[in-house]
Amino acid sequence: MTTAEATTDERASILLVDDMEDNLIALEAVLGSLNEPLVRARSGEEAMKALLRQRFAVVLLDIRMPGMDGFETAANIKRLDQTKDVPIIFLTGTDADAGYAFRGYATGAADYLTKPFDPWVLRAKVTVFLDLHRKNQQLEKMLAREQEQFDELATRLKKIETHMAASSLQDVFELRHNVHEMEELLREMRRGRGL
């Protein structure tokens, strides 16, 4: 992976889903200062395509849309293994039915805001999900690195086992060397975990 690819991978994209151009422009104005990629979708169908193409830290989802509304879109997001863990913040107008909030949370929304929303509140809520996304990415990298170390350790142990089965006393020095390498690898793994 090149440095450019790594940098792109570490960016936390935000999916903005609304059928109204003015609302998308307002969301971009509020969230632009976060310096993270903002991806637009004008429908639930478009949102699903975007979610299957790339990872998102959070989805801001309008409830009232023609075709697949926000609730249906959220249900589809939560149904797929690839997208089920993406947090959703529902956005809806102030004239919305009182049951919308309950239905939104029941569908799997992480949060719910009514329009017009306070830009500071929206930015703060999105920032929390961006931070969680970054922490999850760091954890995934740490676990992958740890798995590589465990795999290497298992390979070395197998090599020692095979060597011992066919060895004589003359091979003890090589065996000690292999054990020393494994001890060093275990020390590295402990340092990586902060132990």
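Axes are lines fitted to C-alpha atoms, for helices over the stretch in contact, and angles run from 0 to 180 degrees between N-to-C directions. The views below come from a predicted model, in which local features need pLDDT of at least 70, side-chain atom pairs count only at pLDDT 80 or more, and totals for chains, interfaces and linings use all residues. Residues are numbered from 1 along each chain as its sequence is written, and side-chain values use heavy atoms, without hydrogens and water.

**View 1. The chain holds seven helices and five strands.** Helices (H or I, at least four residues) and strands (E, at least two) are DSSP runs, numbered from the N terminus. From that end, the elements run α-β-α-β-α-β-α-β-α-β-α-α. Buried residues (under 20% relative accessible area; exposed is over 50%, partly exposed in between; 1.4 Å probe, protein chains only) make up 37% of the 195 residues. Contact means heavy atoms within 4.5 Å. Of the contacts with a separation of 6 or more, 61% join residues 24 or more positions apart.

**View 2. α3 and α4 pack at about 20°.** Their axes are 9 Å apart. The two helices are therefore roughly parallel (angles under 35 degrees; over 145 is roughly antiparallel, 65 to 115 roughly perpendicular, the rest oblique). Their crossing is right-handed, meaning that the near helix is turned clockwise from the far one by less than a right angle. G44, A47, M48 and L51 of α3 meet T73, N76 and I77 of α4. By class, this contact has four nonpolar, three polar and no charged residues. Ala, Val, Leu, Ile, Met, Phe, Trp, Tyr, Cys and Pro count as nonpolar, Asp, Glu, Lys and Arg as charged, and the others, Gly among them, as polar.

**View 3. α4 also meets α5 (residues 99-107).** The axes come within 9 Å and cross at roughly 15°. That makes α4 roughly parallel to α5. This crossing is right-handed. F71, A74, A75 and K78 in α4 touch Y100, R103, G104 and T107 in α5. The contact residues divide into four nonpolar, two polar and two charged.

**View 4. The largest nonpolar core has 22 residues.** Such a core is a set of buried Ala, Val, Leu, Ile, Met, Phe, Trp, Tyr and Cys residues joined through side-chain atoms within 4.5 Å. L15, V17, L51, F56, V59, L61 and F90 have the most contacts inside this core. β1 (14-17), β2, α3 (44-53), β3 (58-62), α4 (70-79) and β4 (88-93) each supply at least two residues. α3 gives the most, with four. Apart from this core lies another, of 19 residues, with L27, V58, F117 and F129 among them.

**View 5. L15 and its contacts.** Neighbours within four places in sequence are left aside. L15 is then in contact with V39, R40, A41, A47, A50, L51, F56, V58, V59 and L60.

**View 6. T92 is buried in strand β4.** Its relative accessible area is 1%. Leaving aside neighbours within four places in sequence, T92 contacts D62, I63, Y100, Y112, L113, T114 and K115.

**View 7. Two loop sites: P116 and N35.** The peptide bond from K115 to P116 is cis, with omega near -5°. P116 is found in the loop between β5 (111-115) and α6 (119-165). N35 lies in the loop between α2 (21-31) and β2 (38-41). Phi of N35 is near 55°, a positive value in a residue other than glycine. N35 counts as exposed, at 57% relative accessibility.
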